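Have the viewer open and follow along.

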Amino acid sequence: MRKKNTRQPVITAIAFLFLGANLLSCGPVPASISTKTPPDVPADTLVPEATLTKTASSPTETPAPTSTTVPASTTSPVRVDRNLVYASPLQENVFERRLDIYSPHKAGDWPVVVFMHGGIGSKENLVVPSHELAERGLVVFTINWPPGGLKAAYQENGRKARETYEVLTCAVRFARSAAPKYGGDPSEVAVVGFSMGADYGSWFALAGEQLRSEWDTFSNSRGGPPPQIECVERDVSGAADAFIGIGGIYTYANNLRDNYFEIWKLFSPFAQVGKNQGMPLRFLHGKSDDFGADLPAQLNDLLVAAGHDSELIIFDGGHEVPVEIIVELVSGLVGG
């Protein structure tokens, strides 16, 4: 792991990744992507996706049928490769997963990011921030992944939770394998998640690849779930080297602890405290975010007490992605 960046980042905000509200078009970049919090959230569900300043059509589990490439040009210095398959289903009712790659036109040894949308969003919602990050010197793998509520997590012995873990592992493997083709440094990959993507990303990053064997042990004792996903790339590490979460809650799975303790151990970031202590974690939260900063503080405080390289950073803004801060952090954590 490279030397960590300990400077307080410059605070300038645009919009990023958890419950998953973002933009569809490739038009001019707005100053920020604002969201509003739903007023009441049932205890056994995750907060639904926030509403954007521009609305997108409802996301679907069915991926786009073909892959395309948008080459860099004089007006856009970013190359975009869309709808590349990175994970294939092994079971019924499991979907193929695809991602988009945003890479700088200039040759370089750029830091690599796996970018997670929020709760009911999709990679199509993240066109603008992904493009912004690539323009600033990151290779960005913006993924479709299968978020869901807590009921989906504990049903069928946690089948959906296992699928999500396997999908995210496949995304990191694909990014690490493909990075050199796009000028990225494959040695270290940062996972960046917004809103619900921050929640699930923190769990995945802390758990590391050893969680696969824990799922196998659990599954063998319960009669399932079996492996749900097969990775397109298999011969490289699927573990994150750094994690950055924006606007997350992180306590989302704690309702499982009393009645579904074994699944909670496999699914909650709080259950992963103490694992992978050499991996840096940064939790970003807008000063005016409706999801109060006390939520990420709970997890961050436990991580710090357990010896993790973890930090909570409050920036001026709301439930949004501060692109400049992300670039500075990623460059310091995995690119410097």
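Is tryptophan 203 buried or exposed? At 0% relative accessibility, tryptophan 203 counts as buried, where buried means under 20% relative accessible area, exposed over 50%, and partly exposed in between, with a 1.4 Å probe and protein chains only. Before going further, a word on ground rules: this is a predicted model, so local features need pLDDT of at least 70 and side-chain atom pairs count only at pLDDT 80 or more, while totals for chains, interfaces and linings use all residues. Residues are numbered from 1 along each chain as its sequence is written, and side-chain values use heavy atoms, with hydrogens and water left out.

Back to the tryptophan. Tryptophan 203 sits in helix 4; helices (H or I, at least four residues) and strands (E, at least two) are DSSP runs, numbered from the N terminus. Setting aside neighbours within four places in sequence, tryptophan 203 is in contact (heavy atoms within 4.5 Å) with Ala161, Thr164, Tyr165, Leu211, Tyr252, Leu266, Phe267, Ser268, Pro269 and Gln272. Phenylalanine 270 is 67 residues away from tryptophan 203 along the chain, yet their C-alpha atoms are separated by 7.8 Å.

Serine 202 counts as buried because its relative accessibility is 0%. Not counting residues up to four places away in sequence, serine 202 touches Phe243, Tyr250, Pro269, Phe283 and Leu299. Pro269 is among the contacts of serine 202 and also among those of tryptophan 203. For a distance to check in your viewer, serine 202 and valine 192 are 10 residues apart in sequence and 9.0 Å apart in space, C-alpha to C-alpha.

What about the helix as a whole? Helix 4 has 12 residues, and 12 of the 12 are buried, so helix 4 is largely enclosed by the rest of the structure. The buried set includes Met196, Asp199, Tyr200 and Leu206. From its first C-alpha to its last, helix 4 reaches 17 Å, close to the 16 Å expected at 1.5 Å a residue; that expected span is 1.5 Å times one less than the number of residues. Just after helix 4, glycine 208 takes a positive phi of about 70 degrees.

Now for the empty space. Rolling a probe the size of a water molecule over the atoms shows where empty space is left. The structure holds one cavity of 30 Å³ or more, and about 40 Å³ of space lies in the largest cavity. Here a cavity is a set of points, on a 1 Å grid over the protein atoms alone, where a 1.4 Å probe fits but cannot get out, and lining residues have an atom within 4 Å of a point. Grid points are joined across faces, edges and corners, and the volume is the space filled by probe spheres set on the points.

The lining of the largest cavity includes Ala161, Thr164, Tyr200 and Phe267. Ala161, Thr164 and Phe267 also turn up among the contacts of tryptophan 203. Helix 2 (150-154) and helix 3 (159-178) are the elements that give two or more residues to the lining of the largest cavity, and helix 3 gives the most, with three. By type, the lining residues divide into seven nonpolar, three polar and one charged.

Asparagine 93, in the loop between strand 2 (78-89) and strand 3 (97-104), has a positive phi near 65 degrees, and with a relative accessible area of 64% it is exposed. Asparagine 276 has a positive phi near 50 degrees and lies in the loop between helix 6 (261-267) and strand 9 (281-286); at 29% relative accessibility, asparagine 276 counts as partly exposed. The peptide bond from glycine 224 to proline 225 is cis, with omega near 10 degrees, and proline 225 lies in the loop between helix 5 (211-222) and strand 7 (229-231).

Zooming out, the secondary structure comes to eight helices and 10 strands. Buried residues make up 57% of the 336 residues in the protein. Among contacts between residues at least 6 apart in sequence, 80% join residues at least 24 apart.

Methods
1 Å grid on protein atoms, 1.4 Å probe; cavity = no way out; pocket = protein on both sides within 12 Å on 5 of 7 lines; lining within 4 Å. Nonpolar A, V, L, I, M, F, W, Y, C, P; charged D, E, K, R; others polar.
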